[in-house]
Amino acid sequence: MKCNTPLQIAMLALVFAPGGGVQAQERTPFPPFTGERVYVAGVSGSFDSVKPVIERLEKGSGQTYYVAIVNSFGKGSGAALEYVSALEREWRRQAEAKKLKLDGERSVIVAIALGDHRIAMQTGARLREKLGLRGQVLDRDLIEKKFIPLAKRNDYSQAITALLEGVDAWVREHERTAVAKTQAPPVPAPPPASRSLPSLPSGDSRVAFPPLEPQRVSHYVSPVRLGLGLGGAFLAAGVLVAFVIKRARGRAQGKLSTLMKGYRARSVEVMDRLDHLKDQLKLLPASDPDFKAPIAGETLKLYRSLEERLAKLWDQWLAAMDALEQGKKLADQAGTAFDSEALKKVEAIVDTARAFDPIDEGAAACQADYERLDQAHEAARAVAARVDEAVPRIARAIESLRALGYASTRFQGEAGELGVELGRLKGVLTPDPIGARTHFDALVALVRGVLERVERAVAIHAEAGEARNALGTLRKQVEEHRAHGLALGEDGGDPDGFLGEADEHLRLVKSALEEGDASAADRELAGARTMISRAGETIEEVKKAKAFCLIEQAARKAESDRLRGLLPAAETSLKRLSDEFAQASWGAVAQNLAQARGLAGCFDTVAGEARAAADAQRYLAARRKLEELGRRQEQAAGLLGAIDQRLAELVQAREDVQASHADLERHVAEAAALFQANVGRIGPVAEDALARAEHDRGEIETLLRAARPDWPRVRALIQTAGEEASIAADGAQGDLAAYAQLESELAQARARAGEVRGRLMSRSEDRLAANQHFEAAEAVLDQVGAAMGEPRGEQARMLEAVRGAAQDLERAEQLFREDLRLAAQAQQEIDVAARAIRKARSFVSMGVGVDCSAADAELSIAMQQFSAQEYEAAVEHAGSAIQLVRSAHNTAVQQAMWRQMQQDAEARRWQSRSGWNGAPGVDPGAFAIGAAAAILNQISQSGSAAPAQPPSIPAPPPMPTMPDPGAGAGSWTPDGGQGSW
């Protein structure tokens, strides 16, 4: 795992549970730093089991562990490292502000995102830099092995525990290795290698000779020279091999010597530890003032066990030293560096050195047991003090029970036994503190149990008194109710049974306290409270039932009379349903009247039973009867009401049909007329809706012809048919509107096509592209015009086709105008080139004329391209002709000027040879300047006919110069890309 910064040391994204991946979420805010070791934010669950683990690990090491369990690290592949780094910085800032401690050298911060299924770790500077606890170590050795297997099973607490314990074990192991390295003597440096030979790697017996360069040799070598050469070569090889063997042996011996020194230092360290332990154990009985008597019991057993274990460890140390000496002797006797026995000797020495590790571990265990022996008396006395504190409390609690009238024989006996046992243990504490400590721990549990039972017995006595008072109050209430006429004697309404059971429970409470059984007394007290509560509830239920009967008897009688009065009206309604409406529309209420009459026949019977029960003061039974009567009356009322409700619904359905049927007929007829008037212009969707509406209308007519129509069915069909007719009408209107739009845009497109056709016919410069667009548009317009008779609802498609044709027409005209512009430009360029060539041919000076052959060729090509309507190419070739004729004209001018200057020079030379000084006042230089001016004037006049601003005149090529040594030249690669310098 790669670290982005020195502080960010490890991060692993993992999937805890089997299944898919995990989607990124919003980053959980940092939990505030309080100095605690475990923080939970944004997730549920308890991680309290991790806290004692951290406490245990920190007591035995110098590390501090912090765990943050959150929901999400946020989005991005690097979110975990960013989160743990930012968390560490924020916690450090908060720690400084709150004056809390956060170790930056040996801290370990673990951040876990349960929602992301990712983990990130960050360690302090010392763990990271000195021990190498970073990156791949965290990933490979700790997270993957310790955390992931348990996290995949969603056992997060155990996964965190395993990870922290793994970190602690790793740090301990590597700190021991680091200490051993610092105590080992330095390894002597190997002797410097010869300059004539290549250096040899440590432990490698092979010689790496440098490769030989091929040399040219003659074909003939004398035998003498050949023999001498071979002999010298063998001699050099022998010397070289001897040197290599000697050097390898020296290195091996040096390595063994270094190893032996380290092993001896390790042996001395272990020996000192064993000697120190033996001395401490031997002096313990005499040096510890608490051992005033000879050691005995469990303490003596542990003491002798320590002696035996130390003796065995000493024997192991001696055996390891003997093996080490034997290995050293064998190593000193090694014959050659290539002897296989040398490797065996090294392995034997390494195995011997490893024997010191279990000896050291055994010494550490002995040290822990020795410290236990050394602190045994203090630990035992501390537990005894806890027992001493509890015994007086037991005595005071027993005295309180005795004052309340209880013999407390059992508690007194237990207290006496505890006192005897306490005295016995104090007697053996001095010779056997470890054994006494074990019994003291058991005695503490016994004392705690006795104390809790005695104190609970005192409390139960007080609570039982409160229960007796409540029972007496309840008995008085029962007597008062009966004195005022409330019998309270019916089944389920008599509280006497509960009161009697409460008395029995309270009696048993007292007996249990007499016997010292607080648990039994507690159970009986709970039973007494339950019976008292049920007795009070029974009295209240009887009182409520009496009040209910007084109110409900009259109400139930009035309801019975009202329901009997509704029976004739229900019979009339049922007959009307039978006479006017179809059986299927009201069959669900056909039996309601008979059922209501059956219920009404039982009203008086149930009411009489309720009245008789109330007169006998059986109010609970009377209430049940009245409640039964109420349920029957409610059922009968529902049956009769359903008949009237169904009649009202059917009458309303009939009225709705009569009011809406005519509207439906009109609506369907209007839609059909619209379709008839526009045959072929309306699409299949609207036609299908009209067909559905007409089908429903036919079914409605069939139902209305019945003697007793099913009005709800007819009403539903009218609603469905009306909706289908509306859909058909709206669809038809949409199709007709699209048809009108199609007609309008088709007419506009045809008119536009006529205009474009006229322009194309009027000029010949138009090219293929413009004509293709025009022809395509015209073909589409013809097809649409032919299909306009019966579009069958495809107006939208045809309209889009017309609009596409309009775009083709606009494109055709655009291309036509572009063709005209390019043709005019090409014609203009050709004319300019022709004039330039004619003017150039007219120039003759000093016998020099202009060569226009190349320009004539370019002009000829331009005219051919123009005829072929290749206007862009014609412009290009005409411009090239202009440039060629100008270049030829410039060359002719320069040659004419050179000829003139040469003639002037010859004239001056002739004058000089003949001795003529010229005419008085005539300057030969002025004469030459005048001649040159005449030539330039002729040139300017011959070139005045050329256009003042030609389309494109490139600058004349520069005169060739010598290349600059410090400059570079670019090159072109075969594929046409520009090369590099």
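Predicted model: local features only at pLDDT ≥ 70, side-chain atom pairs only at ≥ 80, totals over all residues.
Biologist: What does the chain consist of, in helices and strands?

Modeller: There are 25 helices and 7 strands. The chain has 981 residues, and 36% of them count as buried.

Biologist: What makes a residue count as buried?

Modeller: Its relative accessible area must be under 20%. Leu488 shows the step: its value is 2%. That is under 20%, so Leu488 is called buried.

Biologist: Where is Leu488 found?

Modeller: Leu488 sits in the loop between α12 (433–483) and α13 (496–515). Its phi is positive, about 55°, although Leu488 is not a glycine.

Biologist: Why is Lys99 called exposed?

Modeller: The cut-off for exposed is over 50% relative accessible area. Lys99 has 75%, so the label is exposed. Lys99 lies in the loop between α2 (79–98) and β4 (107–113).

Biologist: And why is Leu318 called partly exposed?

Modeller: Its relative accessible area is 34%. Buried needs under 20% and exposed needs over 50%, so Leu318 falls in between. Leu318 belongs to helix α7 (residues 297–332).

Biologist: How far apart are Leu318 and Met271, in sequence and in space?

Modeller: They are 47 residues apart in sequence. From C-alpha to C-alpha, the distance is 9.4 Å.

Biologist: Why are α18 and α20 called roughly parallel?

Modeller: Helix α18 (residues 619–677) packs with α20 at an angle of about 25°. The limit for roughly parallel is under 35 degrees, so α18 and α20 qualify. Their axes are 8 Å apart. This crossing is left-handed. Its contact residues divide into 18 nonpolar, 7 polar and 4 charged.

Biologist: What makes α17 roughly antiparallel to α18?

Modeller: The axes of α17 (residues 603–615) and α18 cross at roughly 160°. That is over 145 degrees, so α17 counts as roughly antiparallel to α18. The axes come within 7 Å. α17 passes α18 in a left-handed crossing.

Biologist: Which residues meet where α17 touches α18?

Modeller: From α17, they include Phe603, Val606 and Glu609. From α18, they include Tyr619, Lys625, Leu626 and Arg632. By class, this contact has 12 nonpolar, 1 polar and 4 charged residues.

Biologist: What share of the chain's contacts join residues at least 24 apart?

Modeller: It is 77%, counted among contacts between residues at least 6 apart in sequence.

Biologist: How much accessible surface does the chain have, and what share of it belongs to carbon and sulfur atoms?

Modeller: The surface comes to about 56,100 Å². Carbon and sulfur atoms account for 54% of that.

Technical notes:
Residues numbered from 1 in each chain as written. Heavy atoms only, no water. Helix = DSSP H or I, 4+ residues; strand = E, 2+ residues; numbered from the N terminus. Buried < 20%, exposed > 50% of the residue type's maximum accessible area, 1.4 Å probe, protein only. Contact = heavy atoms within 4.5 Å. Areas by Shrake-Rupley, 256 points an atom, 1.4 Å probe, with all protein chains shown as cover. Axes fitted to C-alpha atoms, helices over the stretch in contact; angles between N-to-C directions. Parallel < 35°, antiparallel > 145°, perpendicular 65-115°, else oblique. Left-handed = near helix turned anticlockwise from the far one by under 90°. Nonpolar A, V, L, I, M, F, W, Y, C, P; charged D, E, K, R; others polar.
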